[in-house]
Amino acid sequence: MLTPFCEILSKKVLPVMRVLIAKELIEKYNFTQLEATCILGISQPLLNYYLTGKRKVKHFDELSSVPVIVELSKKIAEAIACNELTIDYFCTVCKTLHEHATEILAKLNIDINSILIPSKEMKQC
């Protein structure tokens with residue numbers, strides 16, 4: 001049975017992106033940890049553990065070096081800081097990540113043949 005790529009995104013990519021977004025909000029936009037966690041839906045103690053290295057997000061080392069993930073995380077943080085984040089923005093992020101599925105799966109050492117990736121013709125999001 002094939003695993004949908006959306007499942008990979010929700011279980012492996014989005015947790016990494018949450019931490020990258022939180023770091024960007026705190027370091028660049030001067031959000032407090034509490035403000036960042038309220039927006040991102042994680043607890044402040046957990047975020048503190050991630051930021052101080054006491055705990056690691058699974059697959060952080062592999063995925064935090066993928067340029068598209070880093071860039072999208074920065075753009076989301078900017079949109080949050082500027083109060084410009086809309087639901088349409090998430091669709092764009094999802095589509096962009098789908099376009100880079102091969103690169104993301106390679107970083108995770110997942111065989112692309114075991115994943116169901118919607119074709120460009122299929123409506124996503």
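Predicted model: local features only at pLDDT ≥ 70, side-chain atom pairs only at ≥ 80, totals over all residues.
Let us begin with the nonpolar surface patch, which is formed by L85, I87 and F90, with about 290 Å² of accessible area together. In such a patch, residues have over 30% relative accessible area and no salt bridge, and nonpolar side chains (Val, Leu, Ile, Met, Phe, Trp, Tyr) are joined within 5 Å. Areas come from the Shrake-Rupley method with a 1.4 Å probe, only the protein chains shown counting as cover for residues. F90 lies in helix 6 (residues 87–99). Helices here are DSSP runs of H or I with at least four residues, and strands are runs of E with at least two, numbered from the N terminus. At 41% relative accessibility, F90 is partly exposed; buried means under 20%, exposed over 50%, and partly exposed in between.

Residues are numbered from 1 along each chain as its sequence is written, and side-chain values use heavy atoms, leaving out hydrogens and water.

Of its 17 lining residues, L14, R18, I21, I76 and F90 are the closest to the centre. A pocket is an open set of points on a 1 Å grid where a 1.4 Å probe fits, with protein on both sides within 12 Å along at least five of seven lines; lining residues have an atom within 4 Å of a point. Helix 1 gives the largest share of the lining, seven residues.

Next, the salt bridges. How many are there? The count is two, taking a side-chain nitrogen of Lys or Arg within 4 Å of a carboxyl oxygen of Asp or Glu. K11 pairs with E7 at 3.3 Å, N to O. These two residues are about one helical turn apart, because they stand four residues from each other in helix 1 (residues 5–29). K11 is exposed at 56%, whereas E7 is partly exposed at 34%. The other bridge joins D61 and K56, with the closest N and O atoms 3.0 Å apart.

Finally, the backbone. H59, not a glycine, has a positive phi of about 70°, and is found in the loop between helix 3 (44–52) and helix 4 (60–63). N109 likewise has a positive phi, near 55°, and is exposed at 71%.

Note on methods
Buried < 20%, exposed > 50% of the residue type's maximum accessible area, 1.4 Å probe, protein only. Patch = residues over 30% accessible without salt bridge, like charges linked within 9 Å, V, L, I, M, F, W, Y side chains within 5 Å.
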